[in-house]
Amino acid sequence: MKEGILAVSFGTSVEEARLRQIEPVEQAIAAACPQAVFYRAYTSPTIRRILAERGTMVQDLEGALEQMAAEGITHGGVQPTHLLYGYEYDRIRQTVEKWRPRFERLTLGRPLLADTDTLLEMGELLDRIYPRQPGRAVVLMGHGTHHPANMAYPALQTVLNMKGRPDLLVGTVEGWPSLEELLPVLKAGGYQKVTAAPLMLVAGDHALNDMAGEEPESWKSRLTQAGFSVDCRLQGLGELEEVQRLYANRARMLLEGEE
């Protein structure tokens with residue numbers, strides 16, 4: 001038996017985010033599975049092309065699975081670093097199903113916010129790293145999706161509300177709730193200051209531009225225009241040891257045959 005573990009990410013073209021937020025998660029996954037050969041893949045063709053132009057080569061998922069099979073991996077695990085089930089995760093699942101016959105066992109891990117226990121842990125983590133401050137709210141920017149998996153965001157908001165933290169608000173760029181839905185909540189709460197932070201693995205293009213950019217449509221600009229004093233915290237979830245541990249635990253379970 002020869003084991004392999006594959007960490008698959010969407011990827012990022014922001015070098016600092018890749019080094020500070022994706023690679024530490026990959027390292028945690030590799031450390032949790034010392035008996036396995038480690039592999040990585042990025043699903044975004046655009047990101048892979050940009051990185052290749054800079055001299056950094058990262059395989060796509062099929063290429064990484066082909067390498068695993070060619071190198072004699074018999075028992076493989078594929079651990080996505082995605083936060084949600086969604087369209088991107090569905091494509092990963094389809095690819096893994098296609099490649100299963102090439103291995104004695106090939107298992108697919110769950111995304112981060114896949115169950116109630118992890119949502120509760122994430123609520124505890126956010127409560128701890130963003131302590132309550134009078135007159136200040138924290139707006140957490142998730143990516144969002146039109147996939148039913150988007151319900152993880154309002155579910156996390158429910159966890160925060162039940163913990164007595166209505167000052168921690170979860171919004172999305174491409175799903176629900178959007179910033180438009182959060183603005184009336186912020187005003188009704190009487191907040192004067194807002195900290196904006198990414199609820200994403202990496203503080204990449206969305207965080208740098210859609211959230212913290214100077215363009216009129218960025219969340220920072222719109223919150224400022226709405227009358228709030230705004231600061232931005234550019235820290236992706238992948239930097240947090242607690243999040244790295246959650247992904248590592250998922251990967252360890254994969255090689256034990258659990259999906």
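**Loops, salt bridges and surface charge in a predicted model**

Phe10 sits in the loop between β1 (3-9) and α1, where helices (H or I, at least four residues) and strands (E, at least two) are DSSP runs numbered from the N terminus. The structure is a predicted model, so to speak of local features takes pLDDT of at least 70, side-chain atom pairs count only at pLDDT 80 or more, and totals for chains, interfaces and linings use all residues. Residues are numbered from 1 along each chain as its sequence is written, and side-chain values use heavy atoms, with hydrogens and water left out.

Back to Phe10. With a relative accessible area of 43%, Phe10 comes out as partly exposed; on this scale buried means under 20% relative accessible area, exposed means over 50%, and partly exposed is in between (1.4 Å probe, protein chains only). Phe10 and Ser44 are 34 residues apart in sequence, yet their C-alpha atoms are 5.4 Å apart in space. Tyr42 belongs to strand β2 (residues 37-42) and is buried, at a relative accessible area of 1%. Between Tyr42 and Leu125 there are 83 residues in sequence and 27 Å in space, C-alpha to C-alpha.

Arg110 turns up in the loop between β4 (105-108) and α5, and its relative accessibility of 22% makes it partly exposed. From Arg110 to Ile29 the separation is 81 residues in sequence and 13 Å from C-alpha to C-alpha.

Next, the salt bridges. A salt bridge here is a side-chain nitrogen of Lys or Arg within 4 Å of a carboxyl oxygen of Asp or Glu, and by that rule the model has 22 salt bridges. One of them pairs Arg18 with Glu23, with the closest N and O atoms 2.9 Å apart. Arg18 is buried at 9% relative accessible area, and Glu23 is buried too, at 18%. Another joins the side chains of Glu239 and Arg20 at 2.8 Å, N to O. Arg20 is partly exposed, with a relative accessible area of 38%.

Asp167 and Arg165 also meet through their side chains in a salt bridge, 2.7 Å from N to O, and both residues are buried. Salt bridges that share partners link Glu124, Asp127, Arg132, Lys163, Arg165 and Asp167 into one network. Asp167 also gives a handy reference point for Pro134: the two are 33 residues apart in sequence and 9.5 Å apart in space, C-alpha to C-alpha. Pro134 itself is in the loop between α5 (116-129) and β5 (136-142) and is exposed, with a relative accessible area of 83%.

The loop between β6 and α7 holds Pro177, and the peptide bond from Trp176 to Pro177 is cis, with omega near 0°. Glu174 lies in the loop between β6 (168-172) and α7 (179-188) as well.

Finally, the cysteines. With a disulfide taken as a pair of cysteine sulfur atoms within 2.5 Å, the count comes to 0 disulfides. Cys33 is buried, with a relative accessible area of 1%, whereas Cys232 is partly exposed at 27% relative accessibility.
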